[in-house]
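Subject: Structure handover

Hello,

Here is the structure for you to look through. Please open it first, then read my notes below.

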Amino acid sequence: MTAVVDRLNAERTRFSVEFFPPRGDEEERILWRAVRELEPLDPAFVSVTYGAGGSSRDRTIRTTGRIAQETTLTPMAHLTAVDHSVAELRNVIGWYAACGVHNVLAVRGDPPGDPNGEWIRHPEGLTYAEELVRLIRELGDFCVGVAAFPHGHPRSPDLETDVEFLVRKIRAGAGFAIAQLFLDPEHFLRLRDRMAARGCDVPLLPGVMPITTPRVLAKFGELAGVPVPPEVTNRLMPLADDPAGFRAAGVDLITGLCARLIDEGVPALHFYTLNRSKATRQVVANLGL
């Protein structure tokens, strides 16, 4: 098994990429084109997101297993506690192990249908991500990662409470954390400071996403859970009718953000790819990674 934490333990800055499971044959072709285009660049790992229950869950398992078995990449699966009993979670974890996948990102997950809705625990399930971390670690030799929130989780009353929950997940057995999207590096760096103040020194990876179109910019705000900073909107939206100019400015903006983070000593950059590779490859090339 190649553990993500071992891949991050390098003298140079690495990068990783995140995909979502394809919903049909055409999306599968697009995904695998991106996988093959990124494979020669040797990312530290590639992750596949997870939808609770049904075909999305099955596609996540199948896609992650195929990456493990048919590529030279190090795969990391996602797992959430949404709508799952402990028995079902044990089953999924067993499937991952059988596919040769031993790196897992453990997240509690959002309520289906309404990410901001009330969290309802499965009657035979788990309530907190730290419980999921503990379960995964009990079931085998897994390297477990968790989510971190530079702006604070929407359900946390303040940033100090939020980091306490993050530290609890790490104390439960997580070896690294991946931060949600942000555009102001200070939010990420202050989260890292809050972790360090509590004696928590596991790798914290910034989540970044190249902004290539106005639609992706809108999606960025949705995924980050906070408004896009006005200075970013003012820089990019005047180019909304100039696709090439918007893309170039968006890639340049994210390249600058990543360069600042590298200067601050991040171990790796985690790219949310939307199952495309071109913009990520451009940023990686710009940075010389």
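Start with strand β1. Both of its faces are covered: R14, S16 and E18 on one side are buried, and so are F15, V17 and F19 on the other. In total, six of the six residues of β1 are buried. Buried means under 20% relative accessible area, exposed means over 50%, and partly exposed lies in between, with a 1.4 Å probe and protein chains only. Helices (H or I, at least four residues) and strands (E, at least two) are DSSP runs, numbered from the N terminus.

A word on the source. This is a predicted model, where local features need pLDDT of at least 70, side-chain atom pairs count only at pLDDT 80 or more, and totals for chains, interfaces and linings use all residues. Residues are numbered from 1 along each chain as its sequence is written, and side-chain values use heavy atoms, with hydrogens and water left out.

The barrel

Eight strands close into a barrel, in the order β1-β2-β3-β4-β5-β6-β7-β8, and the pairing is parallel. On average, neighbouring strands of this sheet are turned by 30° against each other, direction ignored. Two strands pair if DSSP finds at least two bridges between them. Strands β1 (residues 14–19) and β8 (residues 268–272) pair over five bridges, in the parallel sense. There, R14 has A268 of β8 as its bridge partner. On to β2 (residues 46–48): three bridges join this strand to β1, and the two run parallel. V17 stands opposite V46 in β2.

Between these strands comes helix α2 (residues 25–38); β1, α2 and β2 make a right-handed β-α-β unit. Right-handed means that, with the strands pointing away from the viewer, the path from the first strand over the helix to the second runs clockwise. Helix α2 has buried residues too: I30, L31, W32, A34, V35 and L38.

How many residues of β5 are buried? Six of the six are, so β5 is largely enclosed by the rest of the structure. C143, G145 and A147 point one way, while V144, V146 and A148 point the other. Four parallel bridges pair β4 with β5, and V104 has V144 as its bridge partner in β5. Four bridges also pair β5 with β6, again in the parallel sense. Here A147 stands opposite I178 of β6. The chain crosses from β5 through α6 to β6, and this crossover is right-handed.

Now look at A179 in strand β6. A179 is buried, with a relative accessible area of 0%. Leaving aside neighbours within four places in sequence, its contacts (heavy atoms within 4.5 Å) are A148, P150, F188, L205, P206, G207 and Y272.

The core

A nonpolar core is a set of buried Ala, Val, Leu, Ile, Met, Phe, Trp, Tyr and Cys residues joined through side-chain atoms within 4.5 Å. The largest one here has 91 residues, and L79, I136, M195 and F271 have the most contacts inside it. Helix α10 (residues 243–263) gives the most to this core, with eight residues. F271 touches F15, V17 and C258, among others, not counting residues up to four places away in sequence.

I136 sits in helix α5 (residues 129–138), where the buried residues also include L132, V133 and L135. The buried residues of α5 pack against β3 (75–80), α4 (86–98), β4 (103–107), β5 and α6.

Best wishes

Definitions and conventions:
Axes are lines fitted to C-alpha atoms, for helices over the stretch in contact, and angles run from 0 to 180 degrees between N-to-C directions.
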